[in-house]
Amino acid sequence: MTDSKYFTTTKKGEIFELKAELNSDKKEKKKEAVKKVIASMTVGKDVSALFPDVVNCMQTDNLELKKLVYLYLMNYAKSQPDMAIMAVNTFVKDCEDPNPLIRALAVRTMGCIRVDKITEYLCEPLRKCLKDEDPYVRKTAAVCVAKLHDINAQLVEDQGFLDTLKDLISDSNPMVVANAVAALSEIAESHPSSNLLDLNPQSINKLLTALNECTEWGQIFILDCLANYMPKDDREAQSICERVTPRLSHANSAVVLSAVKVLMKFMEMLSKDLDYYGTLLKKLAPPLVTLLSAEPELQYVALRNINLIVQKRPEILKHEMKVFFVKYNDPIYVKLEKLDIMIRLASQANIAQVLAELKEYATEVDVDFVRKAVRAIGRCAIKVEQSAERCVSTLLDLIQTKVNYVVQEAIVVIKDIFRKYPNKYESVIATLCENLDSLDEPEARAAMIWIVGEYAERIDNADELLESFLEGFHDESTQVQLQLLTAIVKLFLKKPTETQELVQQVLSLATQDSDNPDLRDRGYIYWRLLSTDPVAAKEVVLAEKPLISEETDLIEPTLLDELICHIGTLASVYHKPPGAFVEGGRGVVHKSLPPRTGSSESAESPDTAPAGVPAADQPSVIPTQGDLLGDLLNLDLGPPVSGPPVATSSVQMGAVDLLGGGLDSLMGGGSGGFAPAPGTAVPSNTGAPLGSGLGDLFDLTGGVGTLSGSYVAPKTVWLPAMKAKGLEISGTFSRQVGSISMDLVLTNKALQVMSDFAIQFNRNSFGLAPAAPLQVHAPLAPNQSVEISLPLNTVGSVMKMDPLNNLQVAVKNNIDVFYFSTLYPLHILFVEDGKMERQMFLATWKDIPNENETQFQIKDCSLNADSVSSKLQGSNIFTIAKRNVEGQDMLYQSLKLTNGIWVLAELRIQPSNPSFTLSLKCRAPEVSQYVYQAYETILKN
Amino acid sequence: MTQKSRDRLCEHETSVLIAQRNHLAEFSLFLINAAGDIFLEKHWKSVVSRSVCDYFFEAQERASEAENVPPVIPTPHHYLLSVYRHKIFFVAVIQSEVPPLFVIEFLHRVVDTFQDYFGVCSEVIIKDNVVVVYEVLEEMLDNGFPLATESNILKELIKPPTILRTVVNTITGSTNVGDQLPTGQLSVVPWRRTGVKYTNNEAYFDVIEEIDAIIDKSGSTITAEIQGVIDACVKLTGMPDLTLSFMNPRLLDDVSFHPCVRFKRWESERILSFIPPDGNFRLLSYHVSAQNLVAIPVYVKHNISFRDSSSLGRFEITVGPKQTMGKTVEGVMVTSQMPKSVLNMTLTPSQGTHVFDPVTKLLSWDVGKINPQKLPSLKGSVSLQAGTSKPDENPTINLQFKIQQLAISGLKVNRLDMYGEKYKPFKGIKYMTKAGKFQVRT
């Protein structure tokens with residue numbers, strides 16, 4: 001007799017029949033009926049109509065029946081909230097049952113019923129269960145708090161459950177600790193700001209103790225929680241690492257990977273000179289290798305993570321190349337990942353083996369995999385210079401096989417090899433040309449055309465070859481058309497006499513007969529270049545191209561560091577920061593690696609390094625725990641990843657031909673000032689959301705202001721490196737003796753040198769504009785930063801912005817143009833002659849209509865009237881009169897903005913009350929709010 | 001509006017609502033068979049519409065074979081994490097950031113549990129036991145927190161079905177749900193229940209090694225590694241404390257232990273010291289990597305050639321023992337995926353039986369035992385589709401075999417001692433070597 005009988009009744013009267021059976025007097029019949037209901041539920045049938053009848057079966061001594069009813073309740077309570085109330089009494093009673101299993105079951109089920117009315121009744125039983133003598137009940141109750149919080153967060157806070165939960169971290173039973181941690185982590189995720197998991201050395205110690213004793217799943221929760229902790233110095237980091245290392249030998253791969261995350265993160269703080277550092281590196285390799293012998297699904301996730309680990313610390317797995325060799329019956333998703341890692345691990349030492357393998361893969365059945373293997377050979381050539389020749393000959397062998405897709409893929413990668421080693425392997429061109437006719441994929445055709453154009457002078461019949469492509473010009477894809485256009489122009493510049501007709505033909509095809517704007521634009525540019533100044537055309541089109549490097553397929557270092565903090569998560573599988581795909585974007589806190597204390601690069605020994613102080617190079621920023629962006633700013637990324645210093649990232653090939661060097665020489669000839677490229681006018685609103693977010697931060701960050709002169713806020717990151725191809729810009733505004741300046745720090749976090757900086761502002765409310773070009777004297781090497789003070793004036797063109805103090809900035813360097821926006825504090829616009837005559841003040845105050853008066857509260861300010869007045873004076877807010885009315889000080893003040901707007905203020909200070917009242921009167925009332933913000937910033941710092 | 005469409009709408013609303021939350025708790029499980037039918041669903045929090053599986057079906061269609069369906073599939077509101085075992089897809093639907101390994105490990109644990117409960121894990125058996133399945137799943141996870149995943153403990157909570165129990169239950173009206181809190185659940189040794197009693201006390205250990213290797217055309221080893229496990233069947237009364245020591249523990253530098261093993265003791269003395277779970281369990285798994293010398297127990301001589309001109313090719317393979325320490329290689333099975341253009345094969349084996357499936361192009365040859373005096377061989381001709389050029393790819397030969405009484409890594413147990421109890425148990429150690437993914441390229 002099996003349960004499959006429950007599936008057989010599918011006739012119409014089914015529900016009626018079940019109803020009758022559920023109301024039967026016989027226990028056995030009832031139970032059978034409930035089982036049938038459950039069975040229907042599992043296959044997705046709707047049996048919610050039976051709700052009252054099923055709930056009636058709930059009061060029973062039979063545990064199995066009870067469990068089944070509970071199962072049903074959890075599924076349908078939400079759709080029948082009023083009915084669900086019927087169940088409450090039984091729940092409350094079950095929570096008092098002498099059997100802990102039933103108590104736990106009741107509290108667990110109640111938490112799963114997401115009906116508001118029920119939650120009220122849940123509080124008392126839950127409170128009891130959290131203090132239950134039986135740890136099984138306590139651990140179930142801990143989870144229930146998280147469930148309840150999800151339904152009604154306010155209720156959980158009001159009832160003090162969060163504190164009880166925090167107490168459970170010190171519970172004697174490790175399972176209770178683990179569940180409490182898990183529940184708190186989950187609650188904390190939906191409240192990123194709350195300091196629920198206040199980790200300190202004591203609580204960390206408790207967690208580490210529980211780690212050894214709780215179940216595998218509990219270990220995962222605890223390890224993930226540990227990974228968020230920031231040890232105070234390298235010694236603490238090491239001791240945590242020592243206690244986490246045994247987890248690497250756990251049979252559960254999720255435990256292993258969470259442990260790897262903790263170690264990878266804390267390792268960042270350890271000095272490389274330490275013996276322990278080396279030991280740890282050695283210990284990390286075997287567990288990672290072992291993950292690859294698990295089920296393929298686990299392997300896949302492990303491989304995606306290993307891909308990150310290999311990029312961050314290649315030394316860990318450098319001897320383990322062979323474990324990444326592909327087995328022919330690996331699932332395709334495993335094969336592709338293994339291939340990727342093989343290339344990352346390829347080095348001079350193992351390249352022979354790798355190439356032999358890749359060649360083997362190129363004869364496999366799966367087309368996608370074969371293509372990727374061929375491409376991998378090209379990547380090896382670019383990565384390991386010594387192997388380039390061997391790679392090229394391997395590729396030629398493959399071309400000889402005449403397998404169509406292999407040939408095409410090989411030609412695409414050979415083009416890249418030419419880009420990396422110009423004038424070295426051109427002897428193979430003849431072989432490539434033999435396969436011209438078999439190419440039917442756009443990418444391969446485009447690559448071949450590029451090769452013909454680039455080496456036109458060495459190919460006798462280059463014109464014939466290109467002409468043959470021209471015949472079907474309009475049927476080609478854009479990629480091929482663009483390439484063909486450029487190649488023929490190149491050919492013309494190299495052999496002008498024979499190819500005039502050809503170039504005419506292609507230019508007219510591109511400009512007159514094409515609907516594609518890109519193609520037309522490029523055609524016109526060439527046409528105009530050729531007709532006005534052929535010498536310049538030659539310089540532009542035949543300019544020397546930057547070499548490509550293998551670094552182009554590495555993950556950008558700042559992103560990599562963030563991903564390392566997310567090892568084992570979905571972020572690490574997608575290689576995207578969590579913010580990029582987690583829905584709602586809420587609860588996403590950027591994580592950053594801890595800074596290394598006492599790094600080997602500094603001459604200090606680890607002992608003398610100031611413990612606990614991150615290597616801050618900007619004393620004005622006080623890193624707080626919450627200020628992760630600030631930490632990121634000070635992040636010492638360790639030794640730069642070595643790479644060819646002049647290597648530029650590979651830009652789309654076509655774009656390089658046209659612009660790489662071309663436009664630079666066209667426009668860089670000026671004073672280095674930034675001229676937007678034609679047709680790419682500065683969009684006026686890009687980057688606004690980003691900028692305003694950062695601007696908010698601006699107001700919040702504390703710092704040390706200078707009392708002499710206007711208050712200067714600490715620098716904040718305006719343009720994160722992730723958004724600007726490795727260029728990070730942070731800065732602040734200052735005003736000193738009448739001149740405004742923008743103090744910038746440019747940091748190069750990319751792998752290539754940056755140069756040719758220029759800056760431009762969009763029109764803004766007060767006409768702020770750079771008074772001088774951005775002067776960066778030397779090119780900026782990787783990991784280097786430079787501080788610049790850019791003088792500003794207010795004579796630029798004016799456009800009202802929202803918010804008023806929004807400033808949109810474009811910064812250009814040799815890589816690209818980047819846009820960001822920031823909010824400037826209004827007090828940089830308060831001029832020195834802002835003191836009004838007393839009479840004038842009184843008259844103006846009366847003159848400005850009352851509806852223009854706005855009142856603000858400045859809270860928590862403990863200064864007295866005199867210090868307020870002197871502090872404000874530093875920022876050009878002048879006190880005109882001071883009165884004492886009924887024990888409270890009244891300050892009358894004035895200030896003037898650069899555009900001549902006067903703002904009058906009355907500041908009321910009560911000695912006993914830390915909050916001041918500020919009344920502002922101004923003919924342009926929209927500035928009041930920003931003046932108030934300036935007041936607050938100045939007074940609070 | 002029909003009830004169904006109203007439900008849909010309702011579900012849609014909930015999923016939008018919940019999309020704002022960031023939760024582990026969102027966890028639904030769908031079981032899907034090879035034909036693409038959902039035959040079981042279980043929701044731990046809110047009901048997620050079946051339609052979410054459409055994304056999975058799309059991926060399934062794209063993948064050439066079931067094995068190639070990617071294990072992580074993103075959809076606009078959910079993530080689908082799946083494992084494929086016993087020709088069933090176990091698809092977990094989660095929302096936002098959850099460690100994927102956590103979920104995948106859990107899914108494998110679910111499959112293991114089913115297998116443990118029902119002997120086999122198949123669609124039929126799951127449907128036959130749907131209520132038990134449901135009860136077990138409910139016991140395994142609560143709000144995204146795994147509860148009881150040790151089958152020892154699960155079986156105390158939900159008794160596995162047996163024919164006898166079903167009959168007894170029907171007669172007496174008793175249930176298959178335990179009403180006592182499992183004893184091991186919260187003790188310091190959560191993996192062992194108290195009050196275990198046996199009349200015959202016995203402890204058996206199987207050292208099983210699987211050898212994964214890739215051998216190239218010329219017969220030289222490209223990679224070879226050993227995945228070893230020690231599986232135990234321990235039926236001992238009371239709370240025995242065991243120690244197991246090895247002759248050559250140095251071989252074990254990459255190990256994963258059952259939670260019962262005391263790690264400190266291993267670190268300092270290289271001795272396995274543990275209070276065992278009751279019954280069957282995996283004590284440790286280990287990995288002997290390519291760096292150490294891995295002995296290759298068999299070799300394959302092959303001569304497979306296709307000619308461009310004729311539509312006939314030659315095929316000849318011979319299998320022989322290599323480094324077997326004098327033990328017999330048995331259970332030998334050779335399989336090879338032939339190129340698509342192969343029409344048929346006419347072969348004669350010197351022993352065993354062979355099959356060539358002209359549809360899947362899979363050649364399999366069940367060799368049996370290798371007699372070193374008379375090496376088994378398979379010879380004959382391959383006919384290719386007329387008019388096609390010779391195949392681009394070379395067939396890879398896949399080998400399976402078993403060697404009893406031998407751990408190919410050379411691992412040997414020195415002794416097994418028991419403390420904490422007075423009686424004398426029966427002890428036994430068995431060794432076995434098997435082929436894992438053993439591939440010979442031609």
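A residue is called buried when its relative accessible area is under 20%, and with that in mind we can begin with chain A of this predicted model, where 58% of the 941 residues count as buried.

Staying with chain A for a moment, you will find 40 helices and 13 strands along it. If we take the contacts in chain A whose partners have a separation of 6 or more, then residues 24 or more positions apart account for 67% of them.

Let me now turn to the place where chain A touches chain B. How many residues of each chain are in contact with the other? On the one side there are 101 residues of chain A, and on the other there are 106 residues of chain B. The area buried between chain A and chain B comes to about 9100 Å², and carbon and sulfur atoms give 57% of that area.

Which element of chain A gives the most to the side that touches chain B? That is helix α10, residues 135-151, which gives 8 residues. Sorted by class, the side of chain A that touches chain B has 50 nonpolar, 30 charged and 21 polar residues.

Finally, let us look at the aromatic rings, for which a search of the whole structure finds 30 aromatic pairs over all chains. One of these is formed by A:Tyr574 and B:Tyr79, whose ring centres are 6.2 Å from each other and whose planes make an angle of 45°, so that the pair is tilted. Because A:Tyr574 lies in helix α33 (residues 570-574) of chain A, while B:Tyr79 lies in strand β4 (residues 79-85) of chain B, the pair joins two chains. Are these two tyrosines buried or exposed? A:Tyr574 is partly exposed, at a relative accessible area of 22%, whereas B:Tyr79 is buried, at 8%.

There is also an aromatic cluster with members from chain A and chain B, made up of A:Trp217 and A:Phe221 together with B:Phe27, B:Trp44, B:Phe102, B:Phe106 and B:Phe145.

Terms used
Residues are numbered from 1 along each chain as its sequence is written. Chains are lettered from A and ligands numbered from 1 in the order in which they are written. This is a predicted model: local features need pLDDT of at least 70, side-chain atom pairs count only at pLDDT 80 or more; totals for chains, interfaces and linings use all residues. Side-chain values use heavy atoms; hydrogens and water are left out. Contact means heavy atoms within 4.5 Å. Buried area is the accessible area (1.4 Å probe) that two parts lose on being put together, summed over both. Helices (H or I, at least four residues) and strands (E, at least two) are DSSP runs, numbered from the N terminus. Ala, Val, Leu, Ile, Met, Phe, Trp, Tyr, Cys and Pro count as nonpolar, Asp, Glu, Lys and Arg as charged, and the others, Gly among them, as polar. Rings of Phe, Tyr and Trp (its six-membered ring) pair if their centres lie within 6.5 Å; planes under 30 degrees apart count as stacked, over 60 as edge-to-face and the rest as tilted. Buried means under 20% relative accessible area, exposed over 50%, partly exposed in between (1.4 Å probe, protein chains only).
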